[in-house]
Each structure stands twice: as C-alpha cells, then as structure tokens.
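I opened a new page for this chain today.

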Amino acid sequence: MPLDADPPDPPELETIDPNEYEDAQVVDDTDYRREEIEGYLREGAWDRAFEEWAADSAMGAEDYAIVVDLDLMERFDFFWDSYAERVGYHAPGLPEDWKRMDIHPDLDSWGTVSAINAGLTELGQKVCDVLKGEYIEWETEYEAPDDLPDFGE
C-alpha cells in the first residue's frame with residue numbers, strides 16, 4: 001500500500017566530507033557540487049523522487065510519523081562523486097542502540113527500526129536516480145597521467 005504523505009521540504013545540504021560517513025566513500029578530491037544539487041532538489045527533483053518512492057514504499061504511516069517527528073528527512077546529504085560520475089548520498093537512520101537511547105515513544109521494535117532505515121535508504125537512492133536521470137548532465141574530465149606507457153608504437 002502506498003504511503004499517503006506530502007513531500008517534506010528538501011534537505012539543506014551542508015559542507016561535509018562524505019568520507020566521514022560510514023556508508024559512503026569518495027575516492028578523489030572533488031567538487032561535491034552541493035549548491036547545484038540543492039538547487040535541483042528545490043526545482044522539483046526532491047518532490048518527484050519522494051512521490052515515486054511513496055507510491056512503492058513499504059514504510060507505513062506510523063513509521064513515517066516517527067521519521068517526521070525525529071526530523072530525519074532534513075538529515076539527508078547528496079553530493080557529486082566525480083570519480084564514479086554519480087550522485088552519492090548519505091541517508092539518515094536510527095542507531096543500533098535505539099532502545100537504550102529511548103529516542104521516540106512509538107519506536108518499539110527492530111522491525112520498525114529496520115523498516116525506517118530501509119525506507120530512508122530507498123528514498124536516498126530514488127533521489128539520486130531522479131537527479132542523475134533528469135537533472136544532471138555533468139561529465140568528469142579524465143586526465144590520464146603523463147607516465148602511462150604508449151603501447152601503440
């Protein structure tokens with residue numbers, strides 16, 4: 001059953017080195033192009049991706065209410081990974097020690113935590129797909145090192 005929810009405001013992207021996240025790795029020094037990506041999110045990429053995600057999401061209304069209460073949507077990060085020529089992302093999630101932390105009164109099972117974390121990851125990927133497929137036309141200019149052997153001679 002689809003999630004019946006209006007898209008929240010797109011996240012404001014902060015200047016964070018993606019390598020600080022446990023779930024992201026960027027190989028090259030790069031211009032993460034967050035300002036441009038944030039502009040695309042505001043131009044409609046976020047709303048479109050959210051609506052596509054909500055239509056197929058396994059996240060229920062109760063789980064989504066927890067996401068909203070904890071302001072998790074605001075914690076997404078999107079950045080350009082020039083080495084892989086892709087939009088990278090970091091999805092927010094609930095910590096493994098959620099029980100001990102008592103972070104929300106309606107958070108009562110690993111099933112709920114898993115559904116929220118999986119749903120947010122799926123939304124992050126959907127946003128990346130929409131950005132890359134419909135908004136971003138950047139290409140990385142690859143410069144080969146000077147010391148490569150010339151096998152043609």
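**Contacts and layout**

I began with contacts between residues at least 6 apart in sequence: 74% of them join residues at least 24 apart. I note that this model is predicted.

Next I listed the elements. I found four helices and two strands. From the N terminus they run α-α-β-β-α-α.

I then checked burial. Of the 153 residues, 40% count as buried. The accessible surface comes to about 9,800 Å², and carbon and sulfur atoms hold 43% of it.

**The core**

Which residues touch the most other members of the largest nonpolar core? I got I37, L41, W53, M73, F78 and L131, out of 37 core residues. At least two residues each come from α1 (34-56), α2 (61-69), β1 (77-81), β2 (86-90) and α4 (110-134). The largest share is from α1, with nine residues. As a rule, nonpolar side chains in soluble globular proteins tend to be buried together.

Leaving out residues up to four places away in sequence, L41 touches P10, P11, L13, W46, F78, V127 and L131.

**The strands**

I looked at β1 next. Five of its five residues are buried, so β1 is largely enclosed by the rest of the structure. D77, F79 and D81 lie on one side, F78 and W80 on the other. In a regular strand, side chains alternate between the two faces of the sheet.

How do β1 and β2 pair, and over how many bridges? They pair in the antiparallel sense, over five bridges. I saw D81 opposite R86 in β2. The two strands form a hairpin with four residues between them. In that turn, E85 has a positive phi of about 50°.

Notes. Residues are numbered from 1 along each chain as its sequence is written. This is a predicted model: local features need pLDDT of at least 70, side-chain atom pairs count only at pLDDT 80 or more; totals for chains, interfaces and linings use all residues. Side-chain values use heavy atoms; hydrogens and water are left out. Buried means under 20% relative accessible area, exposed over 50%, partly exposed in between (1.4 Å probe, protein chains only). Contact means heavy atoms within 4.5 Å. Accessible areas come from the Shrake-Rupley method with a 1.4 Å probe; for residues, only the protein chains shown count as cover. A nonpolar core is a set of buried Ala, Val, Leu, Ile, Met, Phe, Trp, Tyr and Cys residues joined through side-chain atoms within 4.5 Å. Two strands pair if DSSP finds at least two bridges between them.
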